[in-house]
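Thanks for coming. I will go through one model today, starting with its open spaces and then moving to the sheet.

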Amino acid sequence: MKQTSFLILALLLAVGCDNSTTAPEQEMQQMETVGTITAGLTHDGLDRTYILYVPESYTGDTPVPVVFNFHGYTSNATEQMGYGDFRAIADTAGFIVVHPQGTLLDGSTHWNVGGWTLASTVDDVGFTAALLDKLIEGYNIDESRIYSTGMSNGGYMSFLLACQLSNRITAVASVTGSMTPETYSACNPQHPTPILQIHGTNDSVVPYSGAVWTRSIEDVLDYWVTHNSCDGSMKTVADLANTSTADGSTVDYITYPCSVDNAAVEHYQVAGGFHTWPGAEGPGTNQDIDASVEIWRFFSRYALPTN
């Protein structure tokens, strides 16, 4: 496997290929390499791009998990890779991170999740499935451990995958995202799906209490509590240490007991928190937790049952 990687890398250097500007047709030549790789594929007539982060520890000898990390509305894959950063964690834990790039809707990058994106005709679920297929072709992937997370619109996209691509998605975590009415009403998960929600109570972009175009965080948690056969009346609330008093927020860690295996619903409620990724840099951003660390800690507990 290592020998193949070196041969492919040599071929890329011989033709003058730059990882940062990889064309869609060169994608398969990039596989089995490590580091930060920009690549693309054509799906449904659209040329799509994404950024892979493959830790140096990857050899191909052992199947590794994949974490999809979706950017927010108007953002992009590069910004999400830096803002909701999993790279140092992947270096230690040995998983691949993929940062897909959304397409334009009225000039803004987006994921087609309903709500404010109802005018979109892009098949982002199909794109995600095709991208996963490409990763499986090129890398030794543990298909029982495919996870999705994202910021804002990327959190909505992760919930959409839990509803519409659940046969391939093990668990999801949403940071400042929710479910649109369209996703909520048409959700059809095929298995209990571990869910982690991280959200600030003062989020003015995706309101905690919901709006016409988005379900409340309480509604979202209730949906998955029911689906995962958990007991909403027996939730536990732990006040986490307020290690950073300057950020103006605190965190409650809320969990629900579930009666079936491989199911969980957990919530980091950031009291006084805004539309931010806890642990990232920026004014008003909660520093009591690191969202990326907590998300991987959550994901790492779960795998799809093997038949």
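Now the ground rules. This is a predicted model, where local features need pLDDT of at least 70 and side-chain atom pairs count only at pLDDT 80 or more, while totals for chains, interfaces and linings use all residues. Residues are numbered from 1 along each chain as its sequence is written, and side-chain values use heavy atoms, with hydrogens and water left out.

Back to the pocket. The search runs on a 1 Å grid over the protein atoms alone: a pocket is an open set of points with protein on both sides within 12 Å along at least five of seven lines, a cavity is a set where a 1.4 Å probe fits but cannot get out, and lining residues have an atom within 4 Å of a point. Grid points are joined across faces, edges and corners, and a volume is the space filled by probe spheres set on the points. The largest pocket comes to about 220 Å³. It has 14 lining residues, and Gly72, Tyr73, Ser152, Val205 and His275 lie nearest its centre. Helices (H or I, at least four residues) and strands (E, at least two) are DSSP runs, numbered from the N terminus. Helix H3, residues 77-83, gives the largest share of the pocket lining, 3 residues.

The volume of the largest cavity is about 50 Å³. Its lining includes Val175, Thr176, Ile198, His199, Gly200 and Asn286. S9 supplies the largest share of that lining, 3 residues. By class there are 5 nonpolar, 6 polar and no charged residues around the largest cavity.

On to the sheet. Two strands pair if DSSP finds at least two bridges between them. The sheet is open and mixed, with 10 strands in the order S1-S2-S4-S3-S7-S8-S9-S12-S11-S10. Its edges are S1 (35-43) and S10 (236-239), each pairing on one side only. Neighbouring strands are turned by 20° against each other on average, direction ignored; axes are lines fitted to C-alpha atoms, for helices over the stretch in contact, and angles run from 0 to 180 degrees between N-to-C directions.

Thr42 faces Asp47 in S2. The hairpin of S1 and S2 has 2 residues between the strands, and Asp44 there takes a positive phi near 55°. S2 also pairs antiparallel with S4 (residues 96-100), over 4 bridges, and Ile51 stands opposite His99 in S4.

Further in, S3 (residues 64-70) and S7 (residues 141-151) run parallel and share 6 bridges. Phe70 is opposite Gly150 in S7. Helix H6 (residues 153-164) packs on the sheet, touching S3, S7, S8 (171-175) and S9 (195-200), at about 145° to the direction of S7; contact means heavy atoms within 4.5 Å. Helix H8 (residues 217-227) packs on the sheet as well, touching S9, S11 (250-256) and S12 (265-271), at about 165° to S12.

Last, the aromatics. Rings of Phe, Tyr and Trp (its six-membered ring) pair if their centres lie within 6.5 Å; planes under 30 degrees apart count as stacked, over 60 as edge-to-face and the rest as tilted. That gives 16 aromatic pairs. Why is the pair of Trp116 and Trp213 called edge-to-face? Their ring centres are 5.6 Å apart and their planes stand at 80°, so the pair falls in that class. Trp116 is in the loop between S6 (108-110) and H5 (124-138), and Trp213, 97 residues away, is in the loop between S9 and H8.

Note on methods:
Ala, Val, Leu, Ile, Met, Phe, Trp, Tyr, Cys and Pro count as nonpolar, Asp, Glu, Lys and Arg as charged, and the others, Gly among them, as polar.
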